[in-house]
Amino acid sequence: MRFQDQTSAPAPGMTGQALAAADAWNEAYRPDGTVREHWQYLLGSLQAFGAEAFTARQQMVERLLRDDGATYNDYGQRLAGRDWKLDPIPLLIDSREWAHIESGIRERAELLNLVLRDLYGQRELIRLGVIPAELVFGHRDFLRPCQGITVPGEQQLVQYAADMVRGADGAMRIISDRTQIPSGTGYALENRMVMSRVFPSLFRDSHVHRLSLYFNSLRLKLNALGPNGGVARVVMLTPGAYNETYFEHVLLANHLGYSLVQGSDLTVRDGYVWMKTLDGLSRIDVILRRVDDYFCDPVELKGDSQLGVPGLLEVIRSGRVVVANPLGSGILENGGLLKYLPAAARHFLGRDPLLEAAPTYWCGDPEDLAHTLDRLPQLVVKTTVRGASYRTTYGGELSAGQLAELGEAIRARPMHFIAQEYLPPSVAPVWEGDAGFSRPSVLRSFAVAGESSYIVMPGGLTRVGQPGAGVEISNRAGSLSKDTWVLASEPERDESPAAGVAGTEAGRIWLGMELPSRVVENLFWLGRYTERAESALRLLRTVFNRLSGANTPDPGSRLMLLRAVTQLTCTYPGFMDESANSTEPREELLSVVLDRDRPGSVAASITALLNAVDEVRDFMSADTQRILNDLRDTMEQLPDRLRHSYSVVPEEELDALVTTLLALAGLTQESMMRGQGWHFLEMGRRMERTLQILSLLRSLWVQVVPGREESVLLETALLSVDSLITYRRRYQQHMDIGNGLDLLLLEPGNPRSVMYQLNELQKHLEQLPNSGESGKLSRQARALLEAGTNLRLADMQQLAAADQGQYLRSELDQLLSRTHHLVAQAATALGDQYFDHTGGPRPLVRGDWEVQT
Amino acid sequence: MKYRIRHTTRYSYADTVSQCHSIAHLLPRNTFYQRCNSASIQLDPLPATGADRTDYFGNHTYHFSVQVPHKVLQVTAVSEVDILGGRQNLSLDFGASCREVRAMLADRSREENLMAREFTLDSPMVQAGPALADYARGSFAEDQSFLGCVRDLTERIFSEFTYDTRYTDVATPLADVIRHRRGVCQDFAHLAIGCLRSMGFAARYVSGYLETLPPPGQPKLEGSDASHAWFSAYSPTDGWCDFDPTNNLLASQQHITTAWGRDYSDVTPVKGTILGGGSSHGLEVEVDVHRVEGAL
């Protein structure tokens, strides 16, 4: 363990890393190498752990994050979110200094409110020349349709965040403001939950200020904003599972007790916003949004946006829904404002702001432009808008050629660039591998609107720079994060405002009843894909086993087994093709397991399953994440193991996957609320299982084959639906198709028989809203009833009988195919009735606009 | 002069539209030269909600939602407008020079000039650039009267560009208009605006109507008019002055203003989103500008 104690000189590895400027402020150590007072207890305790124990704690941190599914997604990278990284050493801030930061942040949030109101109101700041006209008028995020839009009450920004850096002189300075969808509170919460589990006593004894007040205040504020009377119906609007911070959306929605919805879950009717649910439309009063301003309403903002709600802005204007933060607030993220905010503060408040910002130049100003071009190598250059092409560039890291290029870009569109003096960020201790290092750090601090002013989260989200990652320290740059501990002088009472609890309870009554129909649809497909993957796996492992076993089947039934794989998974042509190689089937079989781009393959079903889970993650229990992690890991390693490792027996590898899928099914069975979501998940599973059994029997039992071969096929089918043992127990060694049909089609006590699925399906259908109380059966109920009746009326022994010379059991084939058709029809009818089929909104543009001639 | 204007927009869809949310810029605003006495919009089918608003630019907008399934949507705007006498006589040849205009625009002490700077910047459909500046340079000289130069630009666009309704649609980029030297009034207005902005001046887009008269001795045909567009240039000494490059005119008593903005996208007559509608749809527009009283 290389943490030094307070008297010794800095240990090697703790200071002087290449990344940190030589004169950077050190958070933990004084220039003479002694430990700052507020770090002494923590570093002393960490010392006591020893390197090995500490590394073990670090691994525990990683495991807990993984179990919680904590990721930060890269756009365009499907499925594989980047793991969220948390350093086990928190950043410490003593409460005296914090008091100063806190009032600075509070003041800044209030100032930004005044600026926002003015820019979308009178524009006095522009008229009086306090802020240059072009800085606002020329900015992409100044949204003219948002003129006059306000949130009820004093505070316009319900949430606000600021990034801060402590410069060499020890003073904290703002480097940027986050105002439209300030992200990071969820990650801060996750960091705190993990840290308090990994270091329970250290956390307790350090008297750390709690975060709960922030979230309770947010809940209170949002509930209070409800414009339509009664308990406010609040939802959280997310762009979807591919958003970078989707993990946080899920975490916050659950923590706050709100439904997580996407734009397509909401609709505007009769001048209100509604959520589409199975029961119909449910009114929404307040939307906590994580969708950028510009995307929120295709009618008035970005015409082709699929992430928003058409007509939303007009509902906001009429005061029937409140969106937090208000649309249009992105204009405050305009970096050029940093330069003019002190003047705005003098204008509105009559004083300079408490917290300074990094000295900023706006290149739209001719003097600033000249200054910037002169001193490029000393400056950090940013664009005034954030977005895909937004980059922070430090002139000091550029070659002469790159500097010239940057200069050109600035000269071409000066209004779009700002430059800031480079503040070498303070360094904080970080645990890497098995030793401590000093790394530059940036603190994001959060504020939420309270009754009269802002409540600042004590602490926040600290990000630290990685070696070689450049000057940008951000989630996007893959930076490591830290929990941030504001140390109280004495233990804090747990203050959870009682009103917050009451509010949530009221909210919960409303929420428990209704789910967006998109969620229900995804649960239904989750059920279907899980079952589809499982039954394919079961058949595949049986086939692998048969092919490699001692009693290899004769060529005829061997081909039937292989074709059953193709038919069950619908991976045509597969073995149905005359030219298919049934003597060397391994490659094709592996493709049916591994080829993600092949619909019907195991990999495709599991990918679809994981996608469906992502859409409904807020309904999954915490334990589910561990199973999903296993599933992802196994799928990632499977190609290598199956293709390149000869010692591996394929069926054993597949066994592991089957077990994981069973665990997933078991967990939902055990931990999911018996609500609509559960019914649809179960119906998806039951319908898919029915279809799979029917396909299997059609491929293996319809064709008439010689007696010995017939028992092989009979056994294979029974084995792959996990009913062989039951069969043997009931019929001993007497292998007979008729008995098999009894067990797999008719037996109501066999959880893997068709009749069992149909009975279960009927029970679920009865629980659905609008399931036809008037005595009239729904289409799906009718189809299932017919399927069940046909089966009951059929004589299995007769269906199984095969006359001499007959090639097919054609009556059996007809029954199986009719049943298959009916169940598929029921699935479609169910979807037609309950799922949302409106498709996305389409803009009336191009050819649809009148040309003025 | 008093006009009654009837502007009908009819959308027909291949498939049923279950819902539509729209905004219309169809009702004339009041201006220094005109007063809108009455204005109303009728919808078929009837909307579930509809509301009058004033937008950011002070234009009269109408927001509406139709919730009943429909295959045809008809929006009819009827308004009566008084044109209040002639427009001021502009000192086209003797006013402030381009240099003076530029200097006054840069002066941050006058609020009106500061606010006009919004219209010197790029907007969604008009991006200043070298091609536009090159074209504009032929009309602007630093020591000449600014409005005289704008008048010259208007004339050049009128004579050097071909009016061609088949050539353009709403999305035709300005670069194509310049390259092919053809377009319709909307393109010519954008072109002039782009030219002015490329030279550092302020210009905005004006949407409205122009009264057309039938050939002598013939009756005027129903629905034969069209919505029209022109541009307005800002002179710190004379204010906003309207020019019509399509007809090589200064805006006259026959120009009726509906709305203005940075470009067409700010004042689109009808825009919005639909749910459903199938793969194709048709758009028909009929406009009647009817003079109720007054003579030129």
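1. A word on confidence to begin with: pLDDT is the predictor's confidence in each residue, from 0 to 100. This matters here because the model is predicted. In chain B, the lowest confidence falls in helix H5 (residues 174-180), with a mean of 89, while strand S4 (residues 60-66) of chain B has the highest, at 97. Chain B as a whole averages a pLDDT of 91, and 96% of its residues score at least 70. For the model, ipTM is 0.94 and pTM is 0.88.

2. Next, the contact between the chains. On the chain A side 34 residues take part, and they touch 44 residues of chain B. H5(A) gives the largest share, three residues. Sorted by class, this side of chain A holds 12 nonpolar, 11 polar and 11 charged residues.

3. Do look at S22(A) in particular. It runs antiparallel to strand S13 (residues 270-276) of chain B, and two bridges join them. Within this pairing, A:Arg842 stands opposite B:Ile274.

4. Strand S6 (residues 234-237) of chain A deserves a point of its own. Which of its residues are buried on each side? A:Val234 and A:Met236 are buried on one side, and A:Val235 and A:Leu237 are buried on the other, so that both faces are covered. In a regular strand the side chains alternate between the two faces of the sheet.

5. S6(A) also has parallel partners. With strand S11 (residues 286-289) of chain A it pairs over four bridges, and there A:Val234 has A:Val286 as its bridge partner. With strand S7 (residues 259-261) of chain A, S6(A) pairs in the parallel sense over three bridges, with A:Met236 opposite A:Leu260.

6. Finally, the nonpolar cores. The largest has 164 residues, and those with the most contacts inside it are A:Tyr214, A:Val235, A:Val286, A:Ala324, A:Ala447 and A:Val448. Leaving aside neighbours within four places in sequence, A:Tyr214 is in contact with A:Phe446, A:Val448, A:Ile455 and A:Met457. Another core, of 90 residues, lies apart from the largest one and includes A:Val543, A:Ile627, A:Leu657 and A:Leu745. In soluble globular proteins, nonpolar side chains tend to be buried together.

Conventions
Residues are numbered from 1 along each chain as its sequence is written. Chains are lettered from A and ligands numbered from 1 in the order in which they are written. This is a predicted model: local features need pLDDT of at least 70, side-chain atom pairs count only at pLDDT 80 or more; totals for chains, interfaces and linings use all residues. A residue is buried if 20 or more other C-beta atoms lie within 10 Å of its own, exposed if 12 or fewer, and partly exposed in between; C-beta atoms are placed from the backbone. Two strands pair if DSSP finds at least two bridges between them. Two residues are in contact if their C-beta atoms, placed from the backbone, lie within 7 Å. Ala, Val, Leu, Ile, Met, Phe, Trp, Tyr, Cys and Pro count as nonpolar, Asp, Glu, Lys and Arg as charged, and the others, Gly among them, as polar. A nonpolar core is a set of buried Ala, Val, Leu, Ile, Met, Phe, Trp, Tyr and Cys residues joined through C-beta atoms within 7 Å.
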